[in-house]
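Have a look at it first, then read on.

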Amino acid sequence: MQIYLPIAELSMNIFVLLAMGGGVGFLSGMFGVGGGFLMTPLLIFSGVPPAIAVATEANQITAASVSGAVAHWRRGGVDFKMGMVLIAGGVVGTYIGALIFTYLRSIGQVDLMISMAYVVFLGSIGSLMFVESVRSIIRARRGEVQKVVRRQRTWVDALPFKMRFRKSKMYVSVILPLAIGALVGVLAAIMGVGGGFIMVPAMIYLLHMPTNVVIGTSLFQITFVTAAATYLHSINTQTVDVVLAVILLTAAVIGAQIGAVFGAKLKGEQLRILLAGMVLLVCMKMAFDLVVQPEELFTVSAIGVEAAH
Amino acid sequence: MYRKAIASLSMSIFMIVTAYAETLVTDLSQNQIQITSQFAGSQLLLFGALERHAAESIQTDEISVQGLDYDIIVVVQSEPRDLIIRKKEKVAGIWINNQNEIVRDVPGYYVIDSTRPLDEFLSPLDQRTLGLGLKNIKVTNENDIEVEEYKEALIRNMVSKRLYQEASGNVIVKDEILFRANLDFPSNMPVGKYKADVYLVRDGNIIIKHSTDLLVDKIGIERLIYNFAHEFPPFYGILAVIVAITAGLFSGFVARKVA
């Protein structure tokens, strides 16, 4: 059954969309990740104009993260003060990201930027994850135990404008959380991702936040930042397709529930190596499309709008 | 001497024209195509009748012989608009949009069909001046220059999206009076005003042109969403966020109940 997507202005098979949403939801439930970095490329590969895929995914991620944020908040897993600092940075980042997005769209380069951002981020994150999980599997085989090192003072502690975060039991400079939030905001606006894959490691390894508040706080930030991205894309480029977002969301919620059950049966390292493999696969497909000569070198579009593929 | 001959010749042409004063009546099965949520393309029937008011002095069997020479051309096109054509080139190993050309006043949708291939009954010059056929669509840039490479690219792009179609033989004439043509509209057709032109051709001359208007519109919830997004962007943005948060909270609630 075909459904007409009013903003994307194309008709797609609703079952294909549901399968895509459900599949990505399954994987995100299994790996405990947001899934935006898989959903956006998948939408692009299936013919949705990249700009619409990105903006619509921002909208879907708002929905996907809000229930998680609430669940963590109930368990006391959200550091609201840290969350607000991350959001403050995130909103500024999103604003900048949306400006870049709008400008590049007007000169016909937004698709290129989206693909390049994916290749760079997925490539580096995927490789890091892959290497790290292979190492830990090797360590586990040899029966080595990872040494717990006492935290050393680093350049992070030397930054000014320190603030006390009671929930996280930390006294750190706000500069770093603001910068992390801003980077995530830019990514949300130009890639249609929540940015958890950048923020969570940054919170653990750079900010040294206690792990019990990391996920909840990052989900709290993602909810607000992707909401801001949705709002800005709606104003600047009218690229948010609510119908598409709702269809994907419905299937993703169900998929995530099933995925979580499967994920519980797999070991952490196995999961991470699988996830790394998938991230690298998407990255390679994106890179491949950039390097290989397209069949049609010309695209036609209305003035100021990029073409559907 | 010559002048006299020409005068008599033009007189006789005039006589023929008055003798065969045809009337053409055409209509569409619908004057509006509405895009709804299940929209997956549409078909439309363009039909009409040809009436010949033959002069009394002409014998009837002569008319029927004459009648065999009628041809009909049907052209449906959307209101012209400006388009941008971008060309990818390899820069530093990757393919990027590197050149572009803005073309003025080209149709976003153009379909031509006729009783026979155009070349069999209409001169190339007439085809060109009337803009009949894909190769005769005017594709000029801001400086009024036609860039061949971009024109070909535009036509190729539009044909592959089925937004430009060129065919012949699908205009069926029945009993030399009634004619019909099935028109095929893909789902990606642009919204707006369209015009369906019907040309009646005899002896290589276009004797009648008749236009019918057609409106392609989005209706229902899709229309509402599209208009809302483009007319009130801030409210659309806020609504999109509210929808997402509500859906997220609701599904989380359901998931907790089920689990």
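The axes of helix H1 (residues 14-31) of chain A and helix H9 (residues 242-265) of chain A cross at roughly 35 degrees and come within 6 Å. Axes here are lines fitted to C-alpha atoms, for helices over the stretch in contact, with angles from 0 to 180 degrees between N-to-C directions. Helices are DSSP runs (H or I, at least four residues), numbered from the N terminus.

This is a predicted model: local features need pLDDT of at least 70 and side-chain atom pairs pLDDT 80 or more, while totals for chains, interfaces and linings use all residues. Residues count from 1 along each chain as its sequence is written, and chains are lettered from A and ligands numbered from 1 in the order in which they are written.

**H1(A) with H9(A)**
- This crossing is right-handed (near helix turned clockwise from the far one by less than a right angle; anticlockwise is left-handed).
- The contact of H1(A) with H9(A) has 20 nonpolar, eleven polar and no charged residues (nonpolar: Ala, Val, Leu, Ile, Met, Phe, Trp, Tyr, Cys and Pro; charged: Asp, Glu, Lys and Arg; polar: the others, Gly among them).

**H5(A) with H10(A)**
- Helix H5 (residues 110-142) of chain A packs against helix H10 (residues 268-291) of chain A at about 150 degrees, axes 8 Å apart.
- H5(A) and H10(A) are therefore roughly antiparallel (angles over 145 degrees).
- H5(A) passes H10(A) in a left-handed crossing.
- Their contact has 19 nonpolar, five polar and three charged residues.

Note on methods: Helix = DSSP H or I, 4+ residues; strand = E, 2+ residues; numbered from the N terminus. Parallel < 35°, antiparallel > 145°, perpendicular 65-115°, else oblique.
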